[in-house]
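Please look at the ligand site and the open spaces of this model, and work through the questions that follow.

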Amino acid sequence: MSQTFAQKVLARAAGQPQVAVGQIVTVRPAHLLMHDNTAAIVGKLDKDLAEFGLVRRDLPIIVLDHVIPASDEKTATGHAKVRAFVEKHGVQNFFDVGEGICHQVVIEKGFARPGTIIVGSDSHTCSYGAVGVFATGIDRTEAAALLLTGETWLKVPPTIRITLRGRLSPPVSAKDLILRIIGDIGADGADYAAVEFHGDVRHLTIAERFTIANMGVEMGAKITVFPVDEVATEYLFAAGVPRDRYEAVWADPQAPYARELTYDLAALEPVVAAPHTVDNVLPVGRVAGKRIHQALLGTCTNGRLSDLHAAAAILRGRKVSAKVRLLVLPASRDVYTAASRDGTLAALTEAGAVILPPGCGPCLGAHQGILAPGEVCLSTSNRNFKGRMGCKEGEIYLASPATVAASALRGEITDPRTVG
Amino acid sequence: MKVWHYGDDINTDLLFPGKYTYTCATPDEIRPHLLEDLDATFAQGVQPGDVLVVGRNFGCGSSREQPVVGLKAVGVAAIVAKSFARIFYRAAINQGLLLIECPAAVDAYRAGSTLSIDAAGGTITVDGRAYSFPKLPPEIMAIGEAGGLLEYTRKKLRAQRAG
Ligand code: SF4
């Protein structure tokens, strides 16, 4: 019988010829992603690690990114605890402060191998579906148990199929596409489900697929996944993962879908997600003119080189509004270095931007750019929840890098098509 | 028993603000911030045995187990929802917090309704009318019965070693 991507990966992982939607299978993930929360995770296991040991030294990928450099003694102590764990147990894949945002690092460093399963104690682990990984978020306790056993259970999800037709016409971007989809389907529209992307995927770069897969969890999806085509194969090769290191999986042509949607990419327009839910999606024109106080360019959603380029193309040789603080958060050291070498960072700083270290920064409201009551931030990140940027009386709108750059220039929400 | 009643798409930032995620880990540290940006009266007012009745997609957003740990620690007996977001759902299983997916019961509930839950029987009664809800499969139920995922894991590993 024809099977979806999720069914095929889970059947293979469970050593069964086929699995049915709703079935529970035991799997041994290729990797377990953890970040600053590693301190709390291993904190649950003080005695257990001595009794049972770490199951595999190459299972965890640990990236310090959420509150970097440490903002106070407590977070510094957390980081120190993570380094001590890494040292003591010989954890193979550890990336200290400044290497980048965990999800970017996983893909960039070649850990995301098509057809494998990766779980992570972070909801945006779903990002690795950009290169055909069954990747999904779990909680800290499950991560702790995985360190001891290397295995967990997954329920085989139903699948939603989204077919893309045609090409995006810049400055309309992958961010506008995924926001449009979430606006249509709703914040719970893909709860417990897998989302497969089909159709003219070849026109999307891996950076664009990453932006889309990253936001799958904002519609409740368990995984969001793209086929491994030439574009992906080339990207992976450059990341040090040649074709013989993985066995890609894709859905059978007649696979059963719970729901099917089609998008005409050429017909899309720039959109924003207005406070306080990601599915509150409006054409940018509906909120144009709204005064902003802070603009955030970057994060795991839109902090790649092409995103910085899109913003720099608008800002080069101009000045950001004096009323706006433009914060730039490159997704990794590699992105930072490349943007520094090619002059993008200079163009952004000359326009008035503040460049933050490659990490999560203000995205989760812990430090580096907290809002004051009544302030409005336009952000390329993935969540506009109340309080997300550290202040529950602040407002967050989500948009693409081009929309954020155009709006930073004018000091108010601006359709990037109106900025020449 | 008090019922705390909230709407749809309650995300984990509302249940426990992100700014505390790296500074609060123990139930005592978590408790004062529970539902802080959703309902400022909750942390003070919640009592053991209380129940939450909520809408669709409860617990969406960040992977954040602090609200689950906190709600369990203050003795919340169950959360009854139209639906849950999946990471929150797994986190609740792993802490042994009872989650009940029962849209009909949520629809029937009004402020002041009487409500009781028979977890073993799989029914919830609102104003005298009983609604049944699906129970977890036995292999998942075993996690909660063991006292949560870590206890379950320890038992399993010791049994493997002994066997
Ligand atoms: S950048 Fe934001 S959404 Fe991405 S991993 Fe960091 S905190 Fe999470």
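**Ligand site and pockets**

Q: From which domains of chain A does the shell around the ligand draw at least three residues each?
A: This is a predicted model, in which local features need pLDDT of at least 70, side-chain atom pairs count only at pLDDT 80 or more, and totals for chains, interfaces and linings use all residues. Residues are numbered from 1 along each chain as its sequence is written, chains are lettered from A and ligands numbered from 1 in the order written, and side-chain values use heavy atoms, without hydrogens and water. With bounds taken from an automatic or database domain assignment, the shell draws at least three residues from each of domain 1 (7-14 + 23-263) and domain 2 (271-418).

Q: Which residues lie around the ligand?
A: A residue counts as near if one of its heavy atoms lies within 4 Å of the molecule. The shell has 4 nonpolar, 5 polar and 1 charged residues, where Ala, Val, Leu, Ile, Met, Phe, Trp, Tyr, Cys and Pro count as nonpolar, Asp, Glu, Lys and Arg as charged, and the others, Gly among them, as polar. The residues are A:His66, A:Ile101, A:His103, A:His124, A:Thr299, A:Cys300, A:Cys360, A:Cys363, A:Asn382 and A:Arg388.

Q: Which element gives the largest share of the lining of the largest pocket?
A: On a 1 Å grid over the protein atoms alone, a pocket is an open set of points where a 1.4 Å probe fits, with protein on both sides within 12 Å along at least five of seven lines, and lining residues have an atom within 4 Å of a point. The largest pocket is lined by 33 residues, divided into 21 nonpolar, 4 polar and 8 charged. The largest share, 6 residues, comes from H5(B).

Note on methods
Helix = DSSP H or I, 4+ residues; strand = E, 2+ residues; numbered from the N terminus.
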